[in-house]
Amino acid sequence: HSSSHESKNLNSLSSSLLPAFGTVVDEGYLQLKKYVIAPYDLPQEMHVQFYQQELVQRMNSSLKPKTSQEVTHFIVNTFLVVLVIYSAWASPFELAFRKVATGSLMPVDLVVDAFFAIDIVINFFVAYLDKSTYLLVDDHKKIALRYVRKLWLPMDIASTLPFPLLYRIFTGRMHYGEIFGFLNMLRLWRLRRVSELFTRLEKDTRFSYFWTRYCKLICVTLFAVHSAGCFYYWLAIHHQSSKNTWIGTEVQDFEQKSIWVGYTYSMYWSLVTLSTVGYGDLHAVNTAEKIFNMFYMLFNIGLTAYLIGNMTNLIVHSAARTFAMRDAINEILQYASKSRLPEILREQMLAHMQLKFKTAELKQEEVLGDLPKAIRSSIAQHLFRRTVENVYLFNGVSDDLIIQLVSEMKAEYFPPKVDIILQNEIPTDFYILVSGAVDMLTYKNGMEQFLSILGSADMAGDIGVIFNIPQPFTVRTRRLSQVIRISHHDFKQLVQPHNEDGKKIISNFIQNLGGLKKEVLQEIPYLTELLGDMTTEHTAPNERNENREQLSNQENQNALGAQETSKTVSSTFPIRVIVHGHPPNENAMKDDMMGKLINLPESRKNLAKGEVQFSWLMDQKWKN
């Protein structure tokens, strides 16, 4: 249990913030303390939305934020990312061009620093994750001590303080020294927010990973080009002789030119050098510039390798399935050629492989494999239950059996002209057609003969599975078809506990057999005889029950009442038979003519154990 001084909020947290196994968190501890903000609630639920309209929609939906403080924290964080981008551009730019640092950009810098100063205050009210317990700590004192002890507070303060303004306040005069330009570079500490933003976007499935990663690489490249160009211009500005610089040899009195002229030349040199083109029109002249060029080109080697590696990974990842499909098709063609397979089998193999890759995202095994069984069952019920209920075999069975059957069924796609079932193969599965159409075929004297066509909610392979005989027909797809299948073993295991449903299934099956076409019935020679035997077995017990009831009924009830009484008695009391001690064709003693009456057990196992109760009807000696 977490103590009252530890964090207690596990509501709306991401998977990375779940407590360790065995940790028990009481329901009373699900709320944070007052004026404490959960750090991951809004970014995880809203995935860092950039527009206020979408934020309002989320707030009105079921995923709305918990408190107004969390809404404020999310809006501030999103807005601060925009300000960080400005700081990343302005800090190197103001180092190279000091005029703008004390001129037009100074008010903007003060406003930006004010927002980050507010963020420092907010951080004292943001809960944090305790790595030892994996729970959120909402104690104000612990939050403050952690923020002060970490490097974050000093760096946040140093990157926020307006040093030129403070110097002017305390001294009364303006200072244009280069020291303030380098102190402003501390603002680049804020770039960690951009890195966190891209990390969240890469994990957000609503955004394309390719384009998110691509934008990140572009931002890294632009920042490197911008920073290097500004620092290279700073070297030219501070050299003793402006003519003996990389830009002074091309532009006379460049210091007096427009700021944007110098910035354009700087970006041109940086981009050309980064791309390793090196036209030579702008080159290092003095020693300091040559040293900087050497380090910059070494940096470019690593940056170029990083960019090329990431881009290659993205391109290969996007085309990985295409390469896998082409390799699989080539292997099939090679195998078919070496094995000298007929053209029809080769076409079926290729069609199946192509369909496998086209519908890979629809495969239940890959998509639902890692989900809990309850979720997989619910999805299967939503997709296939209506189809299963329309199948003749399950007409009138209980909902419990339908739910169990649907949960065990597997979905598959089959391209046109592909055999789903082969004639005379072992009956391992039967299939229910969800969409498409299939043909029932048979072979006679080496010739293929068409029997019938099956459509949606029809079954294939049911005769072989229920009779446990080799499949009597070949089933071939007519067009692209989706089927669900269940194995023979699973079907028997599920139906066995449901006696009434089993009887209903057999009844539906027999009724369907009687409605088959004459051509289909002729392909199973013993089917007509088997149906006749089933009819006899179902009618004979009823006739015997009626005869017995008529003999024992002294009140001369009508036939309908006798039949109902017989059914009630047979379902309430055990079955009793008379056993004789001699074969039917042998003479027996007079005292044995009546035989012995026994109660049959419920199974053969009980009969073998000797758990049968005997009773004599006539012989009193048997009782002793």
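Val 111 counts as partly exposed because its relative accessibility is 47%. The cut-offs are under 20% relative accessible area for buried, over 50% for exposed and partly exposed in between, with a 1.4 Å probe and protein chains only. Val 111 lies in helix α5. Helices (H or I, at least four residues) and strands (E, at least two) are DSSP runs, numbered from the N terminus.

This is a predicted model: local features need pLDDT of at least 70, side-chain atom pairs count only at pLDDT 80 or more, and totals for chains, interfaces and linings use all residues. Residues are numbered from 1 along each chain as its sequence is written, and side-chain values use heavy atoms, with hydrogens and water left out.

**Nonpolar surface patch**

- Helices α3 (68-96) and α5 (106-123) each supply at least two residues of the patch.
- The largest share, 3 residues, comes from α5.

**Annotated transmembrane regions**

- The unreviewed UniProt entry annotates "transmembrane region" at residues 71-90, 110-130, 151-170, 214-235, 260-279 and 291-309.
- UniProt positions follow the numbering used here, feature names are shortened, and annotations may be inferred rather than shown by experiment.
- Residues 260-279 are 75% helix and 0% strand, with the end C-alpha atoms 22 Å apart.
- Residues 291-309 are 100% helix and 0% strand, with the end C-alpha atoms 28 Å apart.

**Aromatic contacts**

- The structure holds 28 aromatic pairs.
- Rings of Phe, Tyr and Trp (its six-membered ring) pair if their centres lie within 6.5 Å; planes under 30 degrees apart count as stacked, over 60 as edge-to-face and the rest as tilted.
- Phe 93 and Phe 97 form a tilted pair, because the ring centres are 4.9 Å apart and the planes meet at 40°.
- Both Phe 93 and Phe 97 are buried.
- Another tilted pair is Phe 231 with Phe 292, at 5.3 Å centre to centre and 40° between the planes.
- Phe 231 lies in helix α11 (residues 209-237) and Phe 292 in helix α13 (residues 287-318), so this pair ties together parts that are 61 residues apart in sequence.
- Phe 231 is partly exposed at 28% relative accessibility, whereas Phe 292 is buried at 16%.
- One aromatic cluster is formed by Tyr 86, Trp 89, Phe 93, Phe 97, Tyr 233, Phe 254, Trp 260 and Tyr 263.
- Arg 190 places its charged end over the ring of Phe 116, 4.0 Å from the ring centre; the criterion is NZ of Lys or CZ of Arg within 6 Å of the ring centre and within 35 degrees of the ring normal.

**Salt bridges**

- The whole structure has 14 salt bridges, each with a side-chain nitrogen of Lys or Arg within 4 Å of a carboxyl oxygen of Asp or Glu.
- Arg 192 and Asp 156 meet in one of them, at 3.1 Å, N to O.
- Arg 192 lies in helix α10 (residues 192-203) and Asp 156 in helix α7 (residues 152-158), so the pair ties together parts that are 36 residues apart in sequence.
- Arg 192 is partly exposed at 25% relative accessible area, whereas Asp 156 is buried at 6%.
- Asp 429 and Arg 485 form a salt bridge at 3.7 Å, N to O.
- Asp 429 sits in strand β5 (residues 429-435) and Arg 485 in strand β10 (residues 481-487), so the pair ties together parts that are 56 residues apart in sequence.
- Asp 429 is buried at 13% relative accessibility, and Arg 485 is partly exposed at 24%.
- Asp 439 and Arg 478 form a salt bridge at 2.7 Å, N to O.
- That pair links distant parts of the chain, 39 residues apart: Asp 439 is in strand β6 (residues 438-444), and Arg 478 is in the loop between β9 (474-477) and β10.
- Asp 439 is buried at 11% relative accessibility, and Arg 478 is partly exposed at 36%.
- Glu 94, Asp 109, Asp 113, Arg 187 and Arg 190 belong to one network, joined by salt bridges that share partners.

**Around Val 418**

- Val 418 is in the loop between β3 (410-414) and β4 (419-421).
- Val 418 counts as buried, at 8% relative accessibility.
- Val 418 and Arg 478 are 60 residues apart in sequence and 8.1 Å apart in space, C-alpha to C-alpha.
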